[in-house]
Amino acid sequence: MNGFFYGVALQWKLDIRSKSLLVTCYIIPLIFFLLMGGIFTSVMPEMRSTLIQSMIVVSVSMGAFIGLPPSLIETYGSDIKKVYKANGVPIYLGLVTMFLSAFVHLMIACIVIVLFAPVLFEAALPTQLPIFFLALAIYIIVSLSIGSILGLIIKNQAKLTMIAQLVFLPSIMLSGIMFPIDFLPNFLKTIGRIFPASWGYLLMLDNGFCLENLWYLIFVLFAAVIVCGVILKKQNQRATFFR
């Protein structure tokens, strides 16, 4: 157990020094929040009631789909995983430590948004903060689970960047955070419901924490855990074979 916590702490320190994580979890999402928060509330004053949830969806989506996968490629797309096997370290440890570290970073960025949105843009705070943060934690975990699949399956950095964008952009454009989802044609609404962003957004809204908005996120999480488990098992078998 001490080794596990040491691994998490070490990964935290490495991530703090990572320029990629700094950009995707903090700099770009918070700059987007500062710029677009003022624009949204000026053009659509009624958006103050959902501004925090909207900006959080952008922050989490960017960190999970663009920030986490490259770190996983560095470990599981190289010979580092063989070092894990040679030293008796479970192959899943790297994924778990990166996952937990990214979770903490994204939670910090979201807390910054929650604290400053009411001050800067007169945004409305969620009425039930404990339930809101529970919904936020669930949404972050589900988003990171999808990012984990991207990082484990794709081995090429250029291809990863392209596919990550294909997941990130629809998550933002079709989730209802930029404009009311009713403005979209039916087929785009259906596509938008495939991505966890739309469900996470609804879950974080006041009175939105219910099974109707939660079941799909739970389904995606369980599916992602199974997929990640299968991938790691295969990689562990390969590492044993080539040892």
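## A buried serine

At 5% relative accessibility, Ser175 counts as buried, because the cut-off for that term is under 20% relative accessible area. The model described here is predicted. Ser175 sits in a loop, with α7 (157–173) on one side and α8 (186–192) on the other.

Two backbone oxygens are polar partners of the Ser175 side chain. The side chain reaches the backbone oxygen of Ser171 at 2.8 Å. A polar atom of the Ser175 side chain also lies 3.4 Å from the backbone oxygen of Ile172. Leaving aside residues up to four places away in sequence, Ser175 touches Val57, Pro170, Ala197, Ser198 and Tyr201.

## Positive phi at Glu122

Most residues other than glycine have a negative phi. Glu122 is not a glycine, yet its phi is positive, at about 55 degrees.

Glu122 belongs to the loop that lies between α5 (93–121) and α6 (129–153). With a relative accessible area of 60%, Glu122 is exposed, because the cut-off for exposed is over 50%.

## Positive phi at Asn207

Asn207 has a positive phi as well, of about 65 degrees, and is not a glycine. The loop that holds Asn207 runs between α9 (196–204) and α10 (211–241).

Is Asn207 buried or exposed? Its relative accessible area is 71%, so Asn207 is exposed.

Notes: Residues numbered from 1 in each chain as written. Predicted model: local features only at pLDDT ≥ 70, side-chain atom pairs only at ≥ 80, totals over all residues. Heavy atoms only, no water. Helix = DSSP H or I, 4+ residues; strand = E, 2+ residues; numbered from the N terminus. Buried < 20%, exposed > 50% of the residue type's maximum accessible area, 1.4 Å probe, protein only. Polar contact = N/O pair within 3.5 Å; in protein donor to acceptor, adjacent residues only side chain to side chain. Contact = heavy atoms within 4.5 Å.
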